[in-house]
Amino acid sequence: MEDGTRYHIGRVAVLKEYRGQGLGKELLKCLEEKLKQTEIKKLYLGAQTHAQSFYEQLGYTRHGDIFLDEGSPHVHMEKTL
């Protein structure tokens, strides 16, 4: 949490053998529901570019240019609760 109204989501990962079952989506939905009970109004994260559409399907929007994080291309994404 930054200023009491913004929450940074770190790395979201699902083990390869469990991918495609909607677990990442459910994890984020659960987090969002919990945060809606707080003063948090905005979520933000750095998404790998290949995962951008996953986050867009959950209501996140891209902001800014591509940047490198540990050598991998990422984009900043945000969502208002």
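Predicted model: local features only at pLDDT ≥ 70, side-chain atom pairs only at ≥ 80, totals over all residues.
Residues are numbered from 1 along each chain as its sequence is written, and side-chain values use heavy atoms, without hydrogens or water. Local features need pLDDT of at least 70 and side-chain atom pairs count only at pLDDT 80 or more, while totals for chains, interfaces and linings use all residues.

**Exercise 1. The largest pocket**

Describe the largest pocket by its volume and its lining.

Solution. 
Step 1. Start with the term. On a 1 Å grid over the protein atoms alone, a pocket is an open set of points where a 1.4 Å probe fits, with protein on both sides within 12 Å along at least five of seven lines. Lining residues have an atom within 4 Å of a point.
Step 2. Take the volume. The largest pocket holds about 600 Å³ of space. A volume is the space filled by probe spheres set on the points, and grid points are joined across faces, edges and corners.
Step 3. Look at the lining. It has 26 residues, and V12, A13, V14, A51 and Y55 are the closest to the centre of the pocket.
Step 4. Name the elements. Those that give two or more residues to the lining are α1 (23–35), β2 (42–48), α2 (52–57) and β3 (61–69). Helices (H or I, at least four residues) and strands (E, at least two) are DSSP runs, numbered from the N terminus. The most comes from β2, with four residues.
Step 5. Sort by class. The lining has twelve nonpolar, ten polar and four charged residues. Ala, Val, Leu, Ile, Met, Phe, Trp, Tyr, Cys and Pro count as nonpolar; Asp, Glu, Lys and Arg count as charged; the others, Gly among them, count as polar.

**Exercise 2. Rings and a charge**

Find the aromatic pairs, then the ring of Y44 with a charge over it.

Solution. 
Step 1. Recall the description. A pair of aromatic rings is described by the distance of the centres and the angle of the planes. Rings of Phe, Tyr and Trp (its six-membered ring) pair if their centres lie within 6.5 Å; planes under 30 degrees apart count as stacked, over 60 as edge-to-face and the rest as tilted.
Step 2. Search the whole structure. There are two aromatic pairs. F54 and Y55 are edge-to-face, at 5.0 Å centre to centre and 80 degrees between the planes. Y55 and Y60 are edge-to-face, at 5.7 Å and 80 degrees.
Step 3. Join the pairs. F54, Y55 and Y60 are linked into a cluster.
Step 4. Check accessibility. Buried means under 20% relative accessible area, exposed over 50%, and partly exposed in between (1.4 Å probe, protein chains only). F54 has 28%, so F54 is partly exposed. Y55 has 7%, so Y55 is buried. Y60 is buried too.
Step 5. Turn to the charge. A charge sits over a ring if NZ of Lys or CZ of Arg is within 6 Å of the ring centre and within 35 degrees of the ring normal. The charged end of R6 sits over the ring of Y44, 4.2 Å from its centre.

**Exercise 3. A positive phi**

Where does E70 lie, and is E70 buried or exposed?

Solution. 
Step 1. Locate E70. E70 lies in the loop between β3 and β4 (72–80).
Step 2. Classify E70. Its relative accessible area is 73%, so E70 is exposed.
Step 3. Read the backbone. Most residues other than glycine have a negative phi. E70 is not a glycine, yet its phi is positive, about 50 degrees.
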